[in-house]
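Here are my notes on the model you sent over, as numbered points.

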Amino acid sequence: MNLRSYMYLIKQLVSRDVAGRYKGSLLGGVWAVASPLIMLAVYTFVFSMVFQVRWGVGDEANKTGFALNLFVGILLHGLLAETLSRTPTILMQQASFVKKIVFPLWLLPVAVVISALVYALIGFMVLFAVFVFLQGMLPLAVLALPLVLLPLFVFSLGAGWFLAALGVYVRDVAQIMPLFVTVLMFMAPIFYPISAIPEQYQGWLMINPLTYAVEMGRALLFTGQLPEPVPYLGYLALSVLCAGLGLAFFLKVRKGFADVL
Amino acid sequence: MCSDLAVSLQGVSKHYPIYPSPVRRMLSLLFNRNFGTPKIIRALQDVSLTIAKGETVAIIGRNGSGKSTLLQVLCGILQPTAGSVQVQGRVAALLELGAGFSPEFTGRENVFMSAAVYGLSREQIEQKMPDILAFAEIDEFIDQPVKTYSSGMFVRLAFAVIAHVDADILVIDEALAVGDAYFTQKCMRFLRAFKQQGTLIFVSHDTHSVITLCDRALWLEKGHTQMLGGAKEVSEAYIASLYAQDAAQADGGEHRQGEFGSGKVEITRCRLLDDADKELRLLEHAQTVVLEVHCRALEAIELPILGFFVRDRLGQPLFGENSIAWADDWQQMQAGGQYCLRFSFIMPLLATGEYTLGVAIGSGTQMQHTQHHWIYEAYAFKAQASPHLTGFMALNEVSFAAQSVADKA
């Protein structure tokens with residue numbers, strides 16, 4: 001199979017995935033927009049009014065600024081979370097692809113990650129719309145959004161490959177993931193700025209691949225600041241490394257899939 | 001591999017290590033070492049097969065003999081543990097009903113998906129879609145989710161797809177058995193046309209199709225090659241072996257189920273012979289047959305009778321006869337005597353299926369007799385008739401005439 005066939009196959013898989021998400025439901029694609037909005041409203045209420053979290057930035061004491069800050073983090077987390085929760089069972093769900101036909105199985109996690117990216121992008125469109133509605137216009141720097149998404153996307157690919165392969169042999173992985181996803185959410189500066197964490201612990205937060213992405217995204221959107229080249233390239237390089245390791249693992253243990261499923 | 005070979009399998013073996021747990025399997029694969037000793041299941045042992053382009057080869061064998069495993073190795077779904085596999089050309093396989101079909105999506109969407117897996121582009125698929133739909137004949141269901149399909153529809157659609165992906169090599173597993181007679185015929189017509197330019201590998205339990213469609217056959221028994229040769233010889237040897245067990249038992253084995261009698265006479269052998277004096281195991285046309293029964297009388301018997309019945313798969317007696325009408329020829333049996341008894345008759349062409357022959361030796365008259373040895377299933381054979389035949393058997397010596405008659409005033 002050549003590259004063109006792979007691309008076409010990915011396109012098919014992704015469109016089936018995206019279309020299938022809300023297929024048969026009454027509101028259909030509206031959920032893609034409605035569900036992040038509803039979630040955002042709830043979080044805003046709880047964190048800004050009940051817990052009264054304040055961003056240490058100084059000026060954003062108003063709820064809408066808080067909401068938008070939050071939203072960036074939620075969307076980025078969502079991208080990774082979908083990958084982490086869906087890939088461990090993806091091969092089991094498509095067992096006939098493993099056992100009955102010749103299929104480039106490594107494409108399956110890729111389709112999951114791209115599908116998650118599509119929903120993240122929809123969420124970002126909603127974010128931009130709200131932003132423009134509230135503050136009039138978007139800073140030019142938002143054009144650099146793909147830069148923010150890229151390392152996270154690459155990392156997700158690696159995680160997807162690793163988990164898809166691992167999930168075949170170790171079923172517990174699928175059980176642990178929801179827990180892990182929640183931990184990831186709170187261990188990243190989504191609901192709070194990184195400065196809210198005591199200095200000696202800030203380093204730990206940096207291990208979370210979301211942290212840098214969220215900080216970058218917020219800086220881009222609210223201060224129009226482009227990411228610094230050196231840390232960015234380091235982040236990207238690490239992501240690529242993770243992706244490579246994930247794929248290598250997948251390909252190495254691929255032989256046993258048909259026997260275990 | 002030289003260019004007129006489509007498939008070359010050399011010394012292919014497939015062993016399945018059964019690990020104590022999936023985790024150990026994963027670790028073993030990761031680090032190229034064995035974690036925990038696996039038990040080895042030998043699905044295939046040293047199988048070699050070369051198939052030239054344009055050839056049609058059948059793979060036959062009992063359930064569990066390794067046929068599906070061999071096909072999976074051939075298609076590249078499984079990697080052989082030893083040996084080499086070389087395939088030249090695009091392979092399209094029908095290995096399982098609805099393989100690769102996602103239940104939530106419509107037939108049309110699944111066709112796109114399946115064809116894409118075979119490497120076709122969107123334009124190519126759109127071009128072929130009308131042909132695929134015409135072949136599958138599922139009409140408006142093509143736009144319904146595949147989960148609503150019956151198994152017959154599945155196989156029609158799956159076959160329609162692989163029939164149109166421009167494959168060089170087609171691999172058909174037993175999945176075809178699910179279709180109705182009409183569809184099976186349609187597939188056979190397609191396969192016959194395909195044979196002209198493509199290579200076909202056919203797995204089936206239907207020995208008749210094997211003989212008519214295939215040039216050569218490979219008989220697998222418990223993972224190794226039992227026989228490789230012309231389709232007719234291999235099929236016949238295979239059928240013979242299927243019943244070899246029965247024959248061995250009829251040749252004076254101990255009492256088994258389905259037998260009873262006084263024991264004064266013992267049937268030692270029972271065979272149905274065709275006009276070439278060979279055991280008839282596959283009935284394909286009406287013919288003169290001889291039912292030959294060997295028996296041994298342990299005591300002297302007056303007015304012996306030999307009777308037989310032919311029964312279908314459900315045990316329903318179809319027809320039979322006994323020797324009373326010829327009693328003059330056989331008035332008694334000596335104690336210790338051995339006899340060879342022969343019934344000769346024209347066996348009609350029976351409907352496709354499996355049949356058994358029951359025999360019994362008794363003595364007395366039609367009204368009152370004793371059974372000395374009755375064997376419910378002494379011999380088994382298969383019949384292969386046209387699929388259009390309904391009812392039990394085909395008629396012989398039929399003629400037809402039509403004539404117009406004047407109206408009565």
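In which helix of chain A do Phe124(A) and Phe128(A) lie, and how many residues apart are they? I take that up in point 1; keep in mind throughout that this is a predicted model.

1. The phenylalanine pair in chain A. Phe124(A) and Phe128(A) both belong to helix α5, residues 107–135 of chain A. They are four residues apart, or about one turn of the helix. Both of them are buried. Across all chains the structure holds 20 aromatic pairs. In the Phe124(A)–Phe128(A) pair, the ring centres are 6.3 Å apart and the planes meet at 45°, so this one is tilted.

2. An aromatic pair in chain B. The ring centres of Phe141(B) and Tyr149(B) are 6.4 Å apart, and with the planes at 80° the pair counts as edge-to-face, because the cut-off for that label is over 60. The two partners are worth checking for burial: Tyr149(B) is buried, at a relative accessible area of 7%, whereas Phe141(B) comes out as partly exposed at 32%.

3. The aromatic cluster and a lysine. Five rings of chain B form one aromatic cluster: Phe135(B), Phe159(B), Phe183(B), Phe190(B) and Phe194(B). One of these, Phe135(B), also has a charge over its ring: the charged end of Lys186(B) sits there, 5.0 Å from the ring centre.

4. Helices α3 and α4 of chain B. Helix α3(B) covers residues 107–117 and helix α4(B) covers residues 122–136. They pack at about 125°, with 10 Å between their axes. Parallel or oblique? The two helices are oblique to each other, and α3(B) passes α4(B) in a right-handed crossing. On the α3(B) side the contact involves Arg108(B), Val111(B), Phe112(B), Ala115(B) and Ala116(B). Facing them from α4(B) are Arg122(B), Ile125(B), Glu126(B), Met129(B), Ile132(B) and Leu133(B).

5. Helices α6 and α9 of chain A. Helix α6(A), residues 145–169, packs against α9(A) at an angle of about 170°, and their axes are 9 Å apart. That angle makes α6(A) roughly antiparallel to α9(A), because the label applies over 145 degrees. From α6(A), the residues making the contact are Leu145(A), Val148(A), Leu152(A) and Phe155(A). From α9(A), they are Pro209(A), Leu210(A), Ala213(A), Met216(A), Gly217(A) and Leu220(A).

6. Leaving aside neighbours within four places in sequence, Thr211(A) is in contact with Met187(A), Ala188(A), Pro189(A), Ile194(A), Leu205(A) and Met206(A).

7. Most residues other than glycine have a negative phi. Asp46(B) is not a glycine, yet its phi is positive, at about 50°. Asp46(B) sits in strand β2, residues 39–52 of chain B, and is exposed, with a relative accessible area of 54%. Asp277(B) likewise has a positive phi, near 65°. Its place is the loop between β11 (265–273) and β12 (282–283) of chain B.

8. Gly66 in chain B. Gly66(B) is in the loop between β3 (56–60) and α2 (67–75). Gly66(B) is buried, with a relative accessible area of 8%. Not counting residues up to four places away in sequence, Gly66(B) touches Ala43(B), Leu44(B) and Leu220(B). Its C-alpha atom is also separated by 8.1 Å from that of His224(B), a residue 158 places away along the chain.

9. Glu302 in chain B. Glu302(B) is in strand β14, residues 301–302, and counts as exposed at 52% relative accessibility. The cut-off for exposed is over 50%. Apart from residues up to four places away in sequence, Glu302(B) touches Gln331(B), Gln332(B), Ser363(B) and Gly364(B). Between the C-alpha atoms of Glu302(B) and Gly362(B) there are 9.7 Å, with the two residues 60 apart along the chain.

Note on methods:
Residues are numbered from 1 along each chain as its sequence is written. Chains are lettered from A and ligands numbered from 1 in the order in which they are written. This is a predicted model: local features need pLDDT of at least 70, side-chain atom pairs count only at pLDDT 80 or more; totals for chains, interfaces and linings use all residues. Side-chain values use heavy atoms; hydrogens and water are left out. Rings of Phe, Tyr and Trp (its six-membered ring) pair if their centres lie within 6.5 Å; planes under 30 degrees apart count as stacked, over 60 as edge-to-face and the rest as tilted. Buried means under 20% relative accessible area, exposed over 50%, partly exposed in between (1.4 Å probe, protein chains only). A charge sits over a ring if NZ of Lys or CZ of Arg is within 6 Å of the ring centre and within 35 degrees of the ring normal. Axes are lines fitted to C-alpha atoms, for helices over the stretch in contact, and angles run from 0 to 180 degrees between N-to-C directions. Angles under 35 degrees count as roughly parallel, over 145 as roughly antiparallel, 65 to 115 as roughly perpendicular and the rest as oblique. A crossing is left-handed if the near helix is turned anticlockwise from the far one by less than a right angle, and right-handed if clockwise. Contact means heavy atoms within 4.5 Å.
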